[in-house]
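Thanks, everyone. I have one structure today, and I will begin with a single residue before going on to the chain as a whole.

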Number of protein chains: 2
Amino acid sequence: MAQEKQLVVGHKNPDTDAVVAAIAFSHFQNEMGMNTEPVAQGEPNKETKFVFDKFDYKYPRITTVADTDKVMLVDHNEDQQSFDNIHDVEVTYVIDHHRIANFNTNLPLYYRAEPLGCTSTILWKMYNEEKVEVPGNIAGLMASAIISDTLLLKSPTTTDEDKAALKSLSETAGIDYQSWGMEMLKAGTDLDDKSTQDLIDMDAKSFDMNGKSVRIAQVNTVDVDHTLEREADFVKDITNENSSNGYNLFVLLITNIMTSDTTGIIIGDDDAIATFESALNTKVSDNKAALPGVVSRKKQIVPPLNEKF
Amino acid sequence: MAQEKQLVVGHKNPDTDAVVAAIAFSHFQNEMGMNTEPVAQGEPNKETKFVFDKFDYKYPRITTVADTDKVMLVDHNEDQQSFDNIHDVEVTYVIDHHRIANFNTNLPLYYRAEPLGCTSTILWKMYNEEKVEVPGNIAGLMASAIISDTLLLKSPTTTDEDKAALKSLSETAGIDYQSWGMEMLKAGTDLDDKSTQDLIDMDAKSFDMNGKSVRIAQVNTVDVDHTLEREADFVKDITNENSSNGYNLFVLLITNIMTSDTTGIIIGDDDAIATFESALNTKVSDNKAALPGVVSRKKQIVPPLNEKF
């Protein structure tokens, strides 16, 4: 009997790991006898496009609405990052490396989260456990997802398992991950052809923190000063975003991936800004805050903010 | 350096699986180099006591408050079933076979849920995956937990993996699971020395269903008519519970584990009772409802109720 089809999807505003994990998990599940299709909730960002071009892999169908009754989530679990109609479908599998929040099911399900640097590392473990072969081009995508999420193993979220996965997948893909990693991170951080509005949308996530609506965007660069030449435009666009969407706080993280430091542009309600200052132990001056040593939104920004709100 | 100690705990109103899974996971984690202590959130029920006596295993320390900064949860995830101070501690691991609800973390964690009949089955898989030996007495406890949760493999929640786990663990423990299973289920369902108040507390769980407070208790028996000789006392005690605790609906499932049928005693607000009737496709008459074929609260009662509320 034919298996009922299920979609596999990563989060909204997809980054490389979100799309790659959907492809890698879908391939894995199909090898295990299921019938799945990977989809993406948006266009590829510049890095992701560069990665798909390199490994000559077709970008998946784009949709934010599930057209199957059952779905599998990768690289996210929170409702607001998922399909628009997530409450109308059954989630059967989740593979993720984030905190768990705003996620409820009626039925038992398969859920695998591990506090690793990248969802693709968990998927690499699953391929190994079930002795499923990783095809060369998918190995290239997964290695790139690990490079992307861990900033070439420099992010504090990086674990020994991420290192082992990147090494193994790079061998399977036939790439030198150091040189490929620098090449793809540079290509991904070339911001000049993007508008400031694009940049604050590109990798942005919304969080509900004790009733406050918090939006946190991140851009990676190799030249923060050059990015800040457009500071006035960022401030204008963020101020508009806040009033259009009712955000109490907008945090734009401009991260230098070479030095692992961040400069934040912080705009919002006075009390929310005060909460931010206290949570991150910094001072917001002229809309900006220095966040030395900060590279991970998930590990270094969200937990202290959540704690203080 | 000494590892920081973490508690491992199952849900409130512990049944055999809740306590056994805490012991089995704690042993596993200690073998993996961690420092954990299993605890139970209450006294053993009659079946659990019978099981611990049989395998000559000491019942764990009882506490409903975590006295470590980090904890691991087994056989549950919902806040209201967990430590009283669950919001003040960090959850590092969850191993469970239930739906996910009312569970939020600030940090990424290790979470493993599978839709199997018993948490101890998942733990048996983990022992195998990591090639950790299951000690004979713990194997006896785990086999008993599977017998308890699956009603000797007769519950509709039972999967092939539960069957394989029970067979393997019984061999390790040196028991015949058919005869031991009947013996422990009969011992566990001897209700005569319990008050009706005890019986409605024994295996009861609270659920928040779209703002309605729903309490669902279950007793297993081999003689429903005999149990219903105390119907008037059940009705009085449940009515008291509802007014003391503000429950909108109380459902007591009296399940015949031999025939796999249930008689429910249903007391609550008129609209909640109407919702129950519609969800379960039955009629509540004289506080009672026939629920033929129903043995699993988790799989056959909670999902349709949740859906209708």
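N45(A) sits in the loop that runs between strand 2 (36-40) and helix 2 (46-54) of chain A. This is a predicted model, so please take every value as computed from it.

Is N45(A) buried or exposed? Its relative accessible area is 18%, and the cut-off for buried is under 20%, so N45(A) counts as buried.

What does the side chain of N45(A) do there? One of its polar atoms lies 2.7 Å from the backbone nitrogen of T48(A). Leaving aside residues up to four places away in sequence, N45(A) touches P14(A), D15(A) and T16(A).

Now the chain as a whole. Chain A has eleven helices and eleven strands. Its radius of gyration is 19 Å, close to the 19 Å that the globule rule gives for 309 residues, so chain A is as compact as a globular protein of that length. The C-alpha trace spans about 60 × 45 × 30 Å along its principal axes.

On burial, 60% of the 309 residues of chain A count as buried. On contacts, take those between residues at least 6 apart in sequence: 64% of them join residues at least 24 apart.

Chain A exposes about 12,200 Å², and 46% of that comes from carbon and sulfur atoms.

Methods
Residues are numbered from 1 along each chain as its sequence is written. Chains are lettered from A and ligands numbered from 1 in the order in which they are written. This is a predicted model: local features need pLDDT of at least 70, side-chain atom pairs count only at pLDDT 80 or more; totals for chains, interfaces and linings use all residues. Side-chain values use heavy atoms; hydrogens and water are left out. Helices (H or I, at least four residues) and strands (E, at least two) are DSSP runs, numbered from the N terminus. Buried means under 20% relative accessible area, exposed over 50%, partly exposed in between (1.4 Å probe, protein chains only). A polar contact is a pair of N or O atoms within 3.5 Å; within protein, one must be able to donate a hydrogen and the other to accept it, and residues adjacent in sequence count only if both atoms are side-chain atoms. Contact means heavy atoms within 4.5 Å. The radius of gyration is taken over C-alpha atoms; the globule rule is 2.2 Å times the number of residues to the power 0.38. Accessible areas come from the Shrake-Rupley method with a 1.4 Å probe; for residues, only the protein chains shown count as cover.
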